[in-house]
Amino acid sequence: MKNVEYLGNQSPEVVVEAYKTCKYSIDLSGRSPDYYGLHNRTTVEPMFFKCVSICYSTLANPHSHIPKESVWIVEKKTLAKDINNLIEDENE
């Protein structure tokens, strides 16, 4: 995809610098019922840098303390389409 860079495993310093320049961060954890409501740093950290966290609804309220309005909720079946729509729609 255009405007996408996969960083692989990087140090926390590199990740923070990426958050500062990115518009979106994608957290694809939380798909298994054992992990509903369990969120990791990749869900919350981007928000400190005005980077939108894209995630499944299982990582947001009522499953966790993260308000649904604070993240961009996507569904597994339409993940790519949802993300492409978000990237193309500047108003969103």
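Guide: Gladly. Keep in mind that this is a predicted model. Let's begin with a strand.

Visitor: Which residues of strand β1 are on its covered face, and which on its uncovered one?

Guide: Here is the general idea. In a regular strand, side chains alternate between the two faces of the sheet. Now the case here. Strand β1 covers residues 24–27. Ser-25 and Asp-27 make up its covered face. Tyr-24 and Ile-26 make up the uncovered one.

Visitor: What is the order of the strands in the sheet?

Guide: The order is β1-β2-β3, in an open sheet of three strands with parallel pairing. The edge strands are β1 and β3, each pairing on one side only. Strand β3 is residues 72–73.

Visitor: How many bridges join each pair?

Guide: Between β1 and β2 (residues 52–55) there are four bridges, in the parallel sense. Look for Cys-55 opposite Ile-73 in β3.

Visitor: Which helix packs on the sheet?

Guide: Helix α3, residues 79–88. This helix touches β1, β2 and β3. Its direction makes about 170 degrees with that of β1.

Visitor: Next, charges. How many salt bridges does a search of the whole structure find?

Guide: One. To read a salt bridge, check the gap between a side-chain nitrogen and a carboxyl oxygen; the cut-off is 4 Å. Here Lys-20 forms a salt bridge with Glu-17, and their closest N and O atoms are 3.1 Å apart. Both residues lie in helix α1 (residues 12–21). They are three residues apart, about one turn of the helix.

Visitor: What describes a pair of aromatic rings?

Guide: Two things: the distance of the centres and the angle of the planes. The count here is one aromatic pair. The rings of Tyr-19 and Phe-49 have centres 6.2 Å apart and planes at 25 degrees, so the pair is stacked. The cut-off for stacked is under 30 degrees.

Terms used
Residues are numbered from 1 along each chain as its sequence is written. This is a predicted model: local features need pLDDT of at least 70, side-chain atom pairs count only at pLDDT 80 or more; totals for chains, interfaces and linings use all residues. Side-chain values use heavy atoms; hydrogens and water are left out. Buried means under 20% relative accessible area, exposed over 50%, partly exposed in between (1.4 Å probe, protein chains only). Helices (H or I, at least four residues) and strands (E, at least two) are DSSP runs, numbered from the N terminus. Two strands pair if DSSP finds at least two bridges between them. Contact means heavy atoms within 4.5 Å. Axes are lines fitted to C-alpha atoms, for helices over the stretch in contact, and angles run from 0 to 180 degrees between N-to-C directions. Rings of Phe, Tyr and Trp (its six-membered ring) pair if their centres lie within 6.5 Å; planes under 30 degrees apart count as stacked, over 60 as edge-to-face and the rest as tilted.
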